[in-house]
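Student: Could we go through this structure term by term, setting each value against the definition behind it?

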Amino acid sequence: MIKKKVVAMLLAGGQGSRLKTLTKNIAKPAVPFGGKYRIIDFPLSNATNSGISDIGVLTQYKPALLNTHIGIGSVWDYDRNIGGLRILQPFTSEDGGRWYTGTANAIFENIDFLEKIDAEYVLILSGDHIYKMDYNELLKEHEAKGSDVTISVMEVPWEDAPRFGIINVDEDMKIVEFEEKPENPKSNMASMGIYMFNWKKLKHYLIEDAANKESSHDFGKDILPKMLKDGNKMYTWSFEGYWKDVGTVKSFWQANMDLLDDANTLNLYDKSWRIYTRSRNLPAQYIGDTAVINNSLVNEGCSIRGEINNSIIFSEVRIEEGAVVNNAVIMSNCLIKKDAVLNNCVILEGITVEEGETIGELDGEDIYLVSNEGILKE
């Protein structure tokens, strides 16, 4: 079974600077998403649903809220006597305190944790992607090919390929070349940043990479190209479901809007593959007799008296009579006062939109990010 063979290492220390004020005070994996979740809930829930019993969560950038959200992992059934979840932050050693300097370095600094678990395989995950994946399928492909590392990939639109790490393969899906954000890509097969390693092989390369002062200590830039150069068996596994790396404000807004599309394959109502999150134990939503709601998600504790169209409304949001909300993501504890109009917006937590105020253009292509620092147009 996977839980006896695999330990997952979830990289959750990213800043996500392109998300602007969304990540000014919190790490990117802690950003709220979909009306009630945080981004990190998706890989954590995937690990739980896949039967992985040991998982390390590596945090770094402004981790306080993220650590509070994760706690001891009880939401994802990781509060166990044997196995379970461990938060792994940068620490002080005999050489002094230090930050993780790259994705590979983050794993290297926690070799002792991995040695203690002594699993056969190490699954490297990112804490800032939105998707549903059964990691057992990745493991099956890894074992079937006798691979040293298997990389999860998916086809992206050709026009988007230059934004990704591109992997070129032979007819057996064996990796023959890496292209890091190529101007003229040879394929549209993009790495998802999800890797299944043989632990003994990975340990060797982590130690070797740590001793290389010229390395950036990154999996995509250093570890994987070196393994390929050395002739290791490296294969891909193709993923065909929904996957989104919400790297910009516009892509974050779009990923939320995707949840309102009937054709979207990220089914949050699938009882066989639940996405778990910390509950706030709030009262039911209140929908007033003046409210109009079309194609929207409205979370607990909300009081709605205005009009909502094609929007995601987080918990404890008040929308007063006469207010109109179109194509918006409104985070928790916001107040939208009477006759305000919101179009194509992301409203951060705790914001008050004043009476009669208009933000955004209904027919425009720009997205408006509203925070205590003002309004940014993307």
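This is a predicted model: local features need pLDDT of at least 70, side-chain atom pairs count only at pLDDT 80 or more; totals for chains, interfaces and linings use all residues.

Student: Why is Ser332 called buried?

Tutor: Buried means under 20% relative accessible area, exposed means over 50%, and partly exposed is what lies in between, with a 1.4 Å probe and protein chains only. Ser332 has a relative accessible area of 8%, so it is buried. Its place is in the loop between β24 (329-330) and β25 (335-336), where helices (H or I, at least four residues) and strands (E, at least two) are DSSP runs numbered from the N terminus.

Student: What makes the pairing of Ser332 and Ser315 a polar contact?

Tutor: A polar contact is a pair of N or O atoms within 3.5 Å; within protein, one must be able to donate a hydrogen and the other to accept it, and residues adjacent in sequence count only if both atoms are side-chain atoms. The side chains of Ser332 and Ser315 are joined at 3.0 Å, and the side chain of Ser332 also makes a polar contact with that of Arg280, at 3.4 Å.

Student: Which class, buried or exposed, does Asp118 belong to?

Tutor: The relative accessibility of Asp118 is 58%, so this residue counts as exposed. Asp118 sits in the loop between α5 (111-117) and β8 (121-126), and its phi is near 60°, a positive value in a residue other than glycine.

Student: Why is the pair of Tyr131 and Phe239 called edge-to-face?

Tutor: Rings of Phe, Tyr and Trp (its six-membered ring) pair if their centres lie within 6.5 Å; planes under 30 degrees apart count as stacked, over 60 as edge-to-face and the rest as tilted. By this rule the count comes to nine aromatic pairs. The ring centres of Tyr131 and Phe239 are 6.5 Å apart and their planes stand at 85°, so this pair is edge-to-face. Because Tyr131 lies in strand β9 (residues 129-131) and Phe239 in the loop between β14 (234-238) and β15 (243-245), the pair ties together parts that are 108 residues apart in sequence. Trp237 and Phe239, at 6.3 Å centre to centre and 45° between the planes, form a tilted pair.

Student: What makes a set of residues a nonpolar core?

Tutor: A nonpolar core is a set of buried Ala, Val, Leu, Ile, Met, Phe, Trp, Tyr and Cys residues joined through side-chain atoms within 4.5 Å. The largest such core has 90 residues, and Phe252 and Val346 are among those with the most contacts inside it. Helix α9 (residues 249-258) gives the most to this core, with five residues. A second, separate core of 32 residues includes Val7 and Tyr100.

Student: How do you know that β23 and β26 pair?

Tutor: Two strands pair if DSSP finds at least two bridges between them. Three bridges join β23 (residues 324-326) to β26 (residues 341-343), and the two strands run parallel; the bridge partner of Val325 in β26 is Leu342. Both strands belong to an open sheet of five strands in the order β17-β20-β23-β26-β29, whose edge strands, β17 (292-294) and β29 (358-359), each pair on one side only.

Student: Why is the link between Glu208 and Lys226 called a salt bridge?

Tutor: A salt bridge is a side-chain nitrogen of Lys or Arg within 4 Å of a carboxyl oxygen of Asp or Glu. The closest N and O atoms of Glu208 and Lys226 are 3.4 Å apart, and the two form a salt bridge. Since Glu208 lies in helix α7 (residues 199-210) and Lys226 in helix α8 (residues 219-229), the pair ties together parts that are 18 residues apart in sequence. Lys226 also forms a salt bridge with Asp230, with the closest N and O atoms 2.8 Å apart. By this rule the count comes to 18 salt bridges.

Notes. Residues are numbered from 1 along each chain as its sequence is written. Side-chain values use heavy atoms; hydrogens and water are left out.
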